[in-house]
Amino acid sequence: MSRLDNLIATALGLEVRLQACLARLQAGTDDEALHDLRIALRRLRSLLRPLRGIALMAELDAAAQAVGRLSSPLRDEEVLLAEIGRRGLEELRSERQQALQQGYLLWLARPELATLLQRLGAWPEGLREQQRAGQLGRLDRRIRRHLRKQRKRLREALADPAHDRHRLRLLIKRLRYADEAYPELSGVSAELRAALKAAQSALGDWHDRWQWLLRLAEDSRLASVEQAWRQELLQAEQQADRALQVLDGILGA
C-alpha cells in the first residue's frame, strides 16, 4: 500500500470512529464517548500535522483542531467530576453532571463539528485529484523532516533550566502521537517510547491537579479537597521531574 493509500485508509477508519463516538454522545450511552472521540481527533491530527504544507491537509487539520479545542472544557469537566465523585461530593457531582449534559448538546450543535465532518468526507477524493496533478510528491520525506523537528524541539525544551511543564507536556504528546501515526518513519526506540509515555502520564497527573486548584475560585464547595489537591500537586511535580530527567537522558544519548 502506498503512503497516500495508507493515509486515506487510516483517515476513513478514524471517520467511522468519530461518527460512532458522536452517536454515543447523542444517545448518552456511556461516559467515555467524548474521551474516545478526542483520541480519534488526536490520531487524525497526528496523521495530518507533518503534511500541513499541503492545502487539503492544512484545512482538515484546522477543522479537527477547532473541534478538539471546543471539546477541551467538556473533557476537563468530565475528569473533575470523576475526581469529585471519588472524594464523595455526590451532590456537587450530580449538579455539575446536569450542566455537563447540556454542554454536550450545545457542543454537538456547533458548526465547527459539521465543518469537520464535511471536510473529512470530501478529503479522500481531493487527495486523489492532487495526486493526479502531481502535487503530492515526497510524502515520506516531509514526514521524516517533521518528526526530526519534533524531537529536536523536545530535546531543546528539556535542556532549558526554566522549562515550562505545560509546553513539555504538549511537545511530548506531539512526538508520541507522531510516532503512533508513523512508527515505521519515526525512529523512536522502545526505550524512548516507554519514557515518553511515562513522562506524559506524570505530567498529566500534575496538570489535572493544577487545573482542579484553579476551579476553587468558581465553587466554594471544592474547598474541602483543596489541601489534598495541593499535596498531590507537589507529589506529581516531583514524579514528573523524575520522569523528565529519565527522558532527557535517553533523548540526549
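Select helix 9 (residues 190–214) together with helix 10 (residues 226–252), whose axes come within 8 Å and cross at roughly 155°; axes here are lines fitted to C-alpha atoms, for helices over the stretch in contact, and angles run from 0 to 180 degrees between N-to-C directions. That angle makes helix 9 roughly antiparallel to helix 10, a term used for angles over 145 degrees, while angles under 35 count as roughly parallel, 65 to 115 as roughly perpendicular and the rest as oblique. Helix 9 passes helix 10 in a left-handed crossing, that is, the near helix is turned anticlockwise from the far one by less than a right angle. In the contact of helix 9 with helix 10 you will find 20 nonpolar residues, one polar and seven charged (Ala, Val, Leu, Ile, Met, Phe, Trp, Tyr, Cys and Pro count as nonpolar, Asp, Glu, Lys and Arg as charged, and the others, Gly among them, as polar).

A word on the model: it is predicted, so local features need pLDDT of at least 70 and side-chain atom pairs count only at pLDDT 80 or more, whereas totals for chains, interfaces and linings use all residues. Residues are numbered from 1 along each chain as its sequence is written, and side-chain values use heavy atoms, with hydrogens and water left out.

Next, select helix 1 (residues 3–27) and helix 2 (residues 33–48), whose axes come within 9 Å and cross at roughly 160°. Helix 1 and helix 2 are therefore roughly antiparallel to each other, and their crossing is left-handed.

Move on to helix 3 (residues 55–86), whose 32 residues reach 46 Å from the first C-alpha to the last, close to the 46 Å expected at 1.5 Å a residue (the expected span is 1.5 Å times one less than the number of residues). Where does helix 3 have a kink? Select S72, where a kink of about 35° lies shortly before the proline P73; the bend at a residue is the angle between axes fitted to the seven residues ending there and the seven starting there. Just after helix 3, G88 takes a positive phi of about 85°.

Finally, show the whole protein, which has 10 helices and zero strands (DSSP runs numbered from the N terminus, with helices being H or I of at least four residues and strands E of at least two). Along its principal axes the C-alpha trace spans about 65 × 50 × 25 Å.
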